[in-house]
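Me: I would like to take a close look at a single part of this structure. Please describe that part and its surroundings in one connected account.

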Amino acid sequence: YTTQLGRMQPDQNFIGVDIKGNRLWVGAKDALANRLRNVAFLRTQIDKIASYFDENEVKEIWITFPDPFLRLSKLKKRLTHPKFLRLYQQFLQPGGKIHLKTDSPDLYSFTKKVIELYGLQLIEDLPDLYAAANISPAQQIKTYYEILDIAGNRKVHYLSFILPGEIAEKDKQLKEYFFTQSTKSEHGQFS
């Protein structure tokens with residue numbers, strides 16, 4: 001994704017961030033082979049990301065097909081959890097966008113609830129990205145795993161949103177909401 005964005009916008013810089021070295025190696029190899037001087041890669045744990053960027057240094061964040069951490073006990077590991085949004089806020093420019101592409105309906109629903117509960121500014125909500133008309137070239141980029149169709153033709157969901165000046169502390173309400181929904185589902189009251 002990083003190298004494709006770099007090709008599309010040669011006047012912008014793009015930094016791919018991951019903890020898995022093999023993914024970074026593939027991207028770095030592509031960037032070097034194609035002399036993409038506006039593309040770089042950073043291998044780090046995501047919870048340390050704010051230490052690599054200055055305040056207002058980043059214009060947009062693309063979160064593409066992250067681990068959805070499906071178990072309720074892992075909500076705080078989701079990259080759109082307010083815990084991470086607060087980290088991104090430390091270096092994202094005011095009005096900077098966060099983009100999410102996922103094939104996980106659970107992560108998509110979770111992120112929509114975060115946007116609603118925390119009063120984030122929703123820019124675009126596409127429940128079936130590739131069925132939507134007039135999607136941008138950046139939205140059309142397919143990851144290696146999308147091309148392989150690992151998702152088995154599942155829908156790809158897309159959200160973009162802007163963070164407010166400060167993210168309120170509503171993490172307990174968020175957890176309670178999903179615990180309640182999970183309990184209802186176990187008792188056949190939720191679909």
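Reply: Two strands are said to pair if DSSP finds at least two bridges between them. In this predicted model, strand β4 (residues 92–102) and strand β6 pair in the antiparallel sense, over six bridges. Within that pairing, I98 stands opposite F161 of β6. Strand β6 also has bridges to β5: five of them join these two strands, which run antiparallel. Here L126 has Y158 in β6 as its bridge partner.

Strand β6 itself, which spans residues 157–162, is mostly covered, with six of its six residues buried.

Q121 counts as partly exposed because its relative accessibility is 46%, a value in between the limits of 20% for buried and 50% for exposed. Leaving aside residues up to four places away in sequence, Q121 touches S160, F161 and I162. Q121 and S160 are 39 residues apart in sequence, and their C-alpha atoms are 8.7 Å apart in space.

Y144 is found in helix α6, residues 144–148, and counts as exposed because its relative accessibility is 55%. Together with Y145 and L148, Y144 forms a nonpolar patch on the surface, and the three have about 350 Å² of accessible area together.

Conventions. Residues are numbered from 1 along each chain as its sequence is written. This is a predicted model: local features need pLDDT of at least 70, side-chain atom pairs count only at pLDDT 80 or more; totals for chains, interfaces and linings use all residues. Side-chain values use heavy atoms; hydrogens and water are left out. Patches are made of residues with over 30% relative accessible area and no salt bridge: like charges are joined within 9 Å, nonpolar side chains (Val, Leu, Ile, Met, Phe, Trp, Tyr) within 5 Å. Accessible areas come from the Shrake-Rupley method with a 1.4 Å probe; for residues, only the protein chains shown count as cover. A salt bridge is a side-chain nitrogen of Lys or Arg within 4 Å of a carboxyl oxygen of Asp or Glu. Helices (H or I, at least four residues) and strands (E, at least two) are DSSP runs, numbered from the N terminus. Buried means under 20% relative accessible area, exposed over 50%, partly exposed in between (1.4 Å probe, protein chains only). Contact means heavy atoms within 4.5 Å.
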